[in-house]
Amino acid sequence: MLDYLVVGLGLAGISFCEHLEENGKTFHVISDSSQTSSSVAGGLYNPVILKRFTMAWKANELIELAKPFYRNLEKKLGVTLDYQLPIVRRFYSTEEQNLWFEATDKPFLRDFLSADIQSNTNPHIDAPYGFGTVLKTGRIATEKLLSKYSEYLMERNRLSLDKFDYKVLYMENGTVLYKSLKSKRVVFAEGFGLKENPFFNYLPMNGNKGEYLIIEAPELNEKKAIKSSIFCIPLGKNKYKIGANYNRNDTSNTPTENTKKELLQKMDQFINCDFKVIDQVAGVRPTVVDRKPLIGQHPANEKLFVLNGFGSRGVLIAPYASLTLFDHIERQKPLDIEVDISRFQKKYFKNSP
């Protein structure tokens with residue numbers, strides 16, 4: 001008898017498994033490669049919404065949990081995951097510089113925004129108005145994390161690489177039965193795959209596809225992640241991740257030529273050196289209508305739970321959201337109404353037969 005069956009092994013699934021293992025809970029994970037948003041993500045952790053110079057949701061609390069969480073994963077897996085690097089916002093005008101200065105005076109932003117305007121010294125970057133620097137930032141190597149964590153679970157026979165079959169999930173005498181597995185509970189952490197989940201597909205999830213180009217640019221020699229209309233994220237060894245776009249009309253994981261052209265046009269606005277596109281990746285972000293995570297218990301089945309809806313900030317949200325769900329189940333801590341799926345309960349009963 002398992003304590004938990006976990007469906008999905010992106011950032012949500014990994015972070016929940018970590019809390020289970022830390023607390024001595026038994027579990028098994030079922031995951032396939034149908035959802036790619038965690039593996040192709042830019043991986044930046046950044047407390048500030050750089051389009052409007054405002055704080056992201058629960059930014060202070062999320063960073064406090066995320067930093068030690070990824071440090072512990074590095075020790076466990078024996079790899080480097082957290083790459084410290086500054087994130088800078090490229091200014092378009094003196095008006096934007098003034099807005100930045102105003103933001104640095106606000107108490108809740110003061111610890112995260114440098115009040116100094118940084119002049120551009122890179123001849124291959126066009127930034128006549130300079131940059132504003134965000135503090136306490138970095139990049140998590142999400143693709144490496146997913147790969148190494150999968151290996152870790154496989155070595156311990158805790159992972160089945162398989163598509164979850166909802167039709168063979170049964171409840172019997174308070175126990176969840178799935179093929180040869182018996183469990184006390186199931187946590188669905190499927191990302192955009194939630195749309196196919198017959199238990200939770202009533203939740204208002206909107207897929208938002210993002211694509212990145214991976215370029216090789218030996219002359220660029222840039223160590224900072226630059227936010228212009230898109231990001232330029234250094235990956236090391238002259239490689240950079242360029243993107244991403246936001247597309248609500250395409251929910252496939254297939255990269256497109258149109259998006260490639262769009263990203264190249266935006267890149268040309270601030271990068272001027274020779275480069276080669278060596279890869280293009282895509283994934284569908286699991287976004288929610290109110291931009292808050294989906295956490296909680298199924299309204300009609302106390303054995304089923306969901307952990308989802310992290311959008312484009314999964315690296316920061318995952319440790320917090322997974323701990324929130326664990327504490328709710330194991331320690332009976334009430335969920336914040338902002339994240340509790342009970343906020344959409346009327347939608348479930350409206351759609352129920």
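Visitor: Before we get to the helices, how are the axes and angles set up here?
Guide: Axes are lines fitted to C-alpha atoms, for helices over the stretch in contact, and the angles run from 0 to 180 degrees between N-to-C directions. Keep in mind as we go that this is a predicted model.

Visitor: Okay, then how do α1 and α5 sit relative to each other, at what angle and within what distance?
Guide: The axes of helix α1, residues 11–22, and helix α5, residues 142–155, cross at roughly 45° and come within 11 Å. That angle makes α1 oblique to α5, and the crossing in which α1 passes α5 is left-handed.

Visitor: Which residues make that contact?
Guide: On the α1 side the contact is made by L11, I14, C17, E18 and E21, while α5 contributes T142, L145, L146, Y149 and Y152. By residue class, the contact of α1 with α5 divides into 7 nonpolar, 1 polar and 2 charged residues.

Visitor: And α3 with α7, what's the angle there?
Guide: Helix α3, residues 59–77, packs against helix α7, residues 314–331, at an angle of about 90°, and their axes are 8 Å apart. That makes α3 roughly perpendicular to α7.

Visitor: Who meets whom in that pair?
Guide: From α3 there are E61, L62, I63, L65, A66, F69 and Y70, and they meet G314, V315, L316, I317, P319, Y320 and L323 in α7. The residues of this contact divide into 12 nonpolar, 1 polar and 1 charged.

Visitor: Switching to loops: where is K224, then? And is that lysine buried or exposed?
Guide: K224 lies in the loop between β15, residues 205–216, and β16, residues 225–227. With a relative accessible area of 16%, K224 is buried, because the cut-off for that label is under 20%.

Visitor: What about phi at N173?
Guide: N173 is not a glycine, although its phi is positive, at about 50°. This asparagine, N173, lies in the loop between β12, residues 169–172, and β13, residues 175–178, and N173 is exposed, with a relative accessible area of 79%.

Visitor: And K237, what's the phi there?
Guide: K237 is likewise not a glycine and has a positive phi of about 55°. The place of K237 is in the loop between β17, residues 231–236, and β18, where K237 is exposed, with a relative accessible area of 75%.

Visitor: Last one: where does S180 sit, and how far is S180 from A66?
Guide: S180 is found in the loop between β13 and β14, residues 181–188, and S180 is exposed, with a relative accessible area of 72%. As for A66, which is among the α3 residues that meet α7, its C-alpha atom and that of S180 are separated by 35 Å, the two residues being 114 residues apart along the chain.

How values were computed. Residues numbered from 1 in each chain as written. Predicted model: local features only at pLDDT ≥ 70, side-chain atom pairs only at ≥ 80, totals over all residues. Heavy atoms only, no water. Helix = DSSP H or I, 4+ residues; strand = E, 2+ residues; numbered from the N terminus. Buried < 20%, exposed > 50% of the residue type's maximum accessible area, 1.4 Å probe, protein only. Parallel < 35°, antiparallel > 145°, perpendicular 65-115°, else oblique. Left-handed = near helix turned anticlockwise from the far one by under 90°. Contact = heavy atoms within 4.5 Å. Nonpolar A, V, L, I, M, F, W, Y, C, P; charged D, E, K, R; others polar.
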